[in-house]
Amino acid sequence: MTGVNLTTWILGPLLGVMIFLFIFRIILTWYPQANLNRLPFNLISWPTEPFLMLLRKVVPPIGGVDITPIIWVGIFSLVREILLGQQGLLTMMARVS
C-alpha cells in the first residue's frame, strides 16, 4: 500500500464522518432543549465544537441563527472533493502510481 493510498484510505472516512457529524449538529440546532453535554448528543458536539468555536469568532450569528455548522459542511465537502473526488488530487496521484 502506497502513501497516497493510505492517505486516501484514512482521509476519506474521516472527512465523511466529519460531514455527517456537522449535519447532525445542524439538526440538533432545531432542538434547543437537547443537552449537548449528555449522551448521545455529546458524541456529536465533542468533535465538532472546536471547529465551531474557531469560526464563531469570525462569523457572527445571522438573525440569531448560528450558520457555522453549515459553513463547515461546505468546507469539508469542498476539501473532500478537491482531494478525493473523481478528479481529486489524491485520486489522480493514485492513478499515476
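F20, I23, F24, I27, W30 and Y31 make up a nonpolar surface patch with about 610 Å² of accessible area together. Patch members have over 30% relative accessible area and no salt bridge, with like charges joined within 9 Å and nonpolar side chains (Val, Leu, Ile, Met, Phe, Trp, Tyr) within 5 Å; areas come from the Shrake-Rupley method with a 1.4 Å probe, and for residues only the protein chains shown count as cover. This is a predicted model, in which local features need pLDDT of at least 70 and side-chain atom pairs count only at pLDDT 80 or more, while totals for chains, interfaces and linings use all residues. Residues are numbered from 1 along each chain as its sequence is written, and side-chain values use heavy atoms, leaving out hydrogens and water.

- F20, one of the patch residues, sits in helix 1, which spans residues 3-28.
- Helices here are DSSP runs (H or I, at least four residues), as are strands (E, at least two), numbered from the N terminus.

**Salt bridges**
- The count comes to 3 salt bridges, each being a side-chain nitrogen of Lys or Arg within 4 Å of a carboxyl oxygen of Asp or Glu.
- E49 pairs with R25, their closest N and O atoms lying 2.6 Å apart. This pair links distant parts of the chain, E49 in helix 2 (residues 42-56) and R25 in helix 1, 24 residues apart.
- E49 also forms a salt bridge with R56, with 2.7 Å between the closest N and O atoms.
- D66 and R56 meet through their side chains at 2.9 Å, N to O. D66 lies in the loop between helix 2 and helix 3 (68-84) and R56 in helix 2, so this pair ties together parts 10 residues apart in sequence.
- Taken together, R25, E49, R56 and D66 are linked in a network of salt bridges.

**Exposure of the network**
- R25 is buried, at 6% relative accessible area. Buried means under 20%, exposed over 50%, and partly exposed in between (1.4 Å probe, protein chains only).
- E49 is partly exposed at 22%, D66 is partly exposed at 25%, and R56 is partly exposed at 33%.

**How helix 1 meets helix 2**
- The axes of helix 1 and helix 2 come within 9 Å and cross at roughly 85°; axes are lines fitted to C-alpha atoms, for helices over the stretch in contact, and angles run from 0 to 180 degrees between N-to-C directions.
- Helix 1 and helix 2 are therefore roughly perpendicular (65 to 115 degrees; under 35 is roughly parallel, over 145 roughly antiparallel, the rest oblique).
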